[in-house]
Amino acid sequence: MVSRHTGRRRLGAAVATVLAVTVGAGSLAAAPVAATEAPVATQGASGLLPMVPGATPASAGSEGFLVRVPHDGEESKLRWVAYDGGATRDKLVYTIEGIADTSGDMVVTSSDLYGTEAVDMSTGTSFRMRSVPDGPDSFYAGAAGRSLFVRGASKLWLQTGDTEPRAVQGLPETASYDRVRPGDATHGLLTTRTAEGGQRIGLIDLTDAGLTYPYPQQARNPVVSGSRLAWVEDDTATHTLRAVVRDQATGARTVVPLPGTTAGADLKIGLLGDWVTYGTTAVHLGTGEKLALLDRAGAAFTVPDGTAQIVQGSHAVQGQGIFRVSLGTDGRPAVRLLAHAGTPTSALHDVDNDGAADLLGRDTSGVLWRDSPEDGRPRARIGGGWQIYDKIEAVGDIAGAGNPGFTPELVARDGDGVLWLYSGREDGGFTRRVRIGGGWQTYTHLTGGSDLTGDGRPDVVAIDKAGVLWLYRSTGETSRPFEARKRIGHGWDIYNQLSAVGNLAGGPAGDLVARDKDGVLWLYLGKGDGTYTQRTRIGGGWQVYAQLVGAGDVDHDGRADLFAHRPGTKTVYLYSGTGDWRRPFAARVVSDAQSGNAYNHMS
């Protein structure tokens with residue numbers, strides 16, 4: 001099943017810096033001390049893409065990239081994200097009794113129950129594997145470029161969406177082989193073994209279906225980029241590794257020493273122009289210049305034409321995220337931040353797990369609606385009957401029932417003071433309500449979504465009629481979502497609005513904003529122990545808003561933001577977080593989330 005999300009790109013900060021990456025999935029690799037650190041350079045304003053917590057790169061295509069995202073079910077979920085911030089598509093893949101491979105923008109799924117299908121995630125078009133005239137059975141045998149491969153009784157076959165299967169030429173008759181894996185846009189890689197125990201790495205030309213063996217016997221972790229081949233081999237003299245690059249067009253062969261490595265280690269390398277990349281290091285083929293630029297690098301993939309790489313990593317200044325690496329104007333590897341890593345703060349209001357914050361609104365008939373800013377979609381109806389509640393609050397993932405992680409919950413208080421829990425579903429709806437308990441009518445205000453105690457779970461705070469502030473620490477359990485309340489302050493009856501905003505100002509814990517009866521908004525920074533610092537004045541004039549909603553990272557810049565609702569004009573404003581407690585919000589802008597609609601309650 002492929003589902004499609006449409007959207008426009010939210011403007012945010014984008015950063016360019018020289019970068020070296022590891023090509024291929026693997027554990028995070030720290031930058032070698034010996035490498036020279038390159039400066040960070042600003043590229044200018046560009047759109048940053050939404051990303052959910054736990055997403056990891058799975059492939060890099062010409063039009064977008066694929067990530068694996070958390071999913072609640074036996075299947076796993078792949079999400080295709082356009083580089084330009086346009087449409088995204090989800091694909092559920094069955095991996096328990098099946099196979100799911102990626103190649104560029106393409107996903108191939110294969111199982112006995114559903115057969116084999118290749119889907120171009122950039123267009124949504126697909127084709128199915130055909131039977132080959134080679135014995136009674138045809139089996140899926142891998143993918144490369146926009147082709148998939150079929151194993152017959154005696155031959156390996158190449159198939160595309162618009163051509164009949166062709167037998168691969170050059171495969172030894174007695175050889176066994178693994179699944180074909182992606183090389184570049186026009187090549188696939190294949191490891192074969194002979195009956196005598198010999199193992200070789202072959203290169204399949206996707207144009208003529210010819211198989212050759214250009215890699216030497218000792219080659220490991222092969223790479224192909226146009227006419228260039230590269231591989232890793234042991235340097236027996238130094239007991240380290242070295243990368244070897246050979247140009248098939250000219251015959252030129254370059255050996256690149258990899259100091260700090262250990263012979264026999266499983267090191268992934270990549271090619272980007274005249275650079276070899278490995279770990280967090282890039283080495284120039286001609287000059288030997290070495291650059292170490294990310295603090296850590298994880299899973300990474302090269303786009304089919306070899307002009308860029310998509311890498312998951314972290315930087316001391318930029319933080320964690322997914323980056324696009326390409327050669328800068330000076331011929332060095334440069335990276336542009338595509339998406340900040342998803343966090344509990346960014347997912348605070350992401351009801352449908354698409355990486356975009358959802359603002360909830362209840363109309364006068366009791367229908368609850370959700371809407372995301374700048375996604376190009378109309379608001380979505382959640383359901384009716386919500387008029388029985390006098391308080392509805394999105395509180396983040398307090399119950400933590402399982403995947404997908406950080407799907408937020410709602411708490412709702414009815415007219416009798418009973419508080420109810422609604423757990424979020426990744427389709428944008430909620431489960432059947434669970435009773436938390438009675439007696440909540442004692443509170444005039446309650447809010448949730450900030451992790452106040454440093455345990456990774458959002459908590460709830462409430463002000464009672466006497467002005468006492470209480471902390472309800474979340475447990476992660478649906479049946480008992482909160483520990484016993486703890487008194488953390490008094491004198492809070494001076495406020496008529498309260499909103500937990502997540503980590504607004506870069507402190508150790510979640511923060512809180514409160515509006516007093518004169519319309520002045522105040523910031524309370526969380527200290528991580530369930531308490532707050534002394535308040536800081538943000539500014540006056542906030543009495544024009546009926547509700548303030550801390551909604552996570554709305555604009556995808558890695559900082560928490562605030563929605564403000566003005567019902568008289570049916571307008572919702574976005575206050576983007578700055579990360580600076582002295583000036584926590586940028587100037588307001590009108591948001592299209594729920595604007596133009598009449599509501600008597602928002603969350």
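Reader: What makes strand β15 (residues 147–151) and β16 a pair, and are they parallel or antiparallel?

Author: DSSP must find at least two bridges between two strands for them to count as paired. β15 and β16 have four, in the antiparallel sense, so they pair by that rule. A strand here is a DSSP run of E with at least two residues, and a helix is a run of H or I with at least four, both numbered from the N terminus. The model is predicted, so local features need pLDDT of at least 70 and side-chain atom pairs pLDDT 80 or more, while totals for chains, interfaces and linings use all residues. Residues are numbered from 1 along each chain as its sequence is written, and side-chain values use heavy atoms, without hydrogens and water.

Reader: Which residue of β16 is the bridge partner of Val150, and how many residues does the hairpin use?

Author: Val150 is bridged to Trp157. The hairpin from β15 to β16 takes four residues.

Reader: What links β16 to strand β17 (residues 163–167)?

Author: Three bridges, antiparallel. That also passes the pairing rule of at least two. Thr160 is bridged to Thr163, and Trp157 to Ala167. A hairpin of two residues joins β16 to β17.

Reader: Why are β14 (139–144) and β17 called edge strands?

Author: The open sheet has four strands, in the order β14-β15-β16-β17, with antiparallel pairing. β14 and β17 each have a single partner strand, so one side of each lacks a neighbour in the sheet. Neighbouring strands are turned by 25 degrees against each other on average, direction ignored. Such angles compare lines fitted to C-alpha atoms, and run from 0 to 180 degrees between N-to-C directions.

Reader: How many residues of β16 (residues 156–160) are buried?

Author: Five of five. Buried means under 20% relative accessible area, exposed over 50%, partly exposed in between, with a 1.4 Å probe and protein chains only.

Reader: Which residues lie on each face of β16?

Author: Side chains alternate between the two faces of the sheet in a regular strand. In β16, Leu156, Leu158 and Thr160 are on one side. Trp157 and Gln159 are on the other. Both faces are covered.

Reader: What is the order of strands in the sheet that contains β10?

Author: β10-β11-β12-β13, an open sheet with antiparallel pairing. β10 (98–103) and β13 (126–128) are its edges, because each has a single partner strand. The twist averages 15 degrees from one strand to the next. Strand β11 (residues 106–111) and strand β12 (residues 115–120) share six bridges, with Ser111 opposite Gly115.

Reader: Why does Ala230 count as buried?

Author: Its relative accessibility is 0%, so Ala230 falls in the buried class. Ala230 belongs to strand β24 (residues 228–235).

Reader: Which residues does Ala230 touch?

Author: Contact means heavy atoms within 4.5 Å. Leaving out residues up to four places away in sequence, Ala230 touches Tyr215, Asn221, Pro222, Val223, Val244, Val245, Ile269 and Leu271. Val245 is 15 residues from Ala230 in sequence, yet their C-alpha atoms are 4.3 Å apart.

Reader: What is the phi of Ala209, and what is that of Gln594?

Author: Ala209 has a positive phi of about 65 degrees and is not a glycine. Gln594 also has a positive phi, near 65 degrees. Ala209 sits in the loop between β21 (199–205) and β22 (210–212). Gln594 is in the loop between β53 (589–591) and β54 (601–602). Ala209 counts as buried because its relative accessibility is 1%. Gln594 is buried too, because its value is 1%.

Reader: How does the radius of gyration of the chain fit that of a compact globule?

Author: The radius is taken over C-alpha atoms, and the globule rule is 2.2 Å times the number of residues to the power 0.38. For 603 residues the rule gives a value near 25 Å; the chain has 27 Å, so the two agree. The C-alpha atoms fill a box of roughly 85 × 55 × 40 Å along the principal axes.

Reader: How many helices and strands does the chain have, and what share of its residues is buried?

Author: Zero helices and 54 strands. Buried residues make up 57% of the 603.
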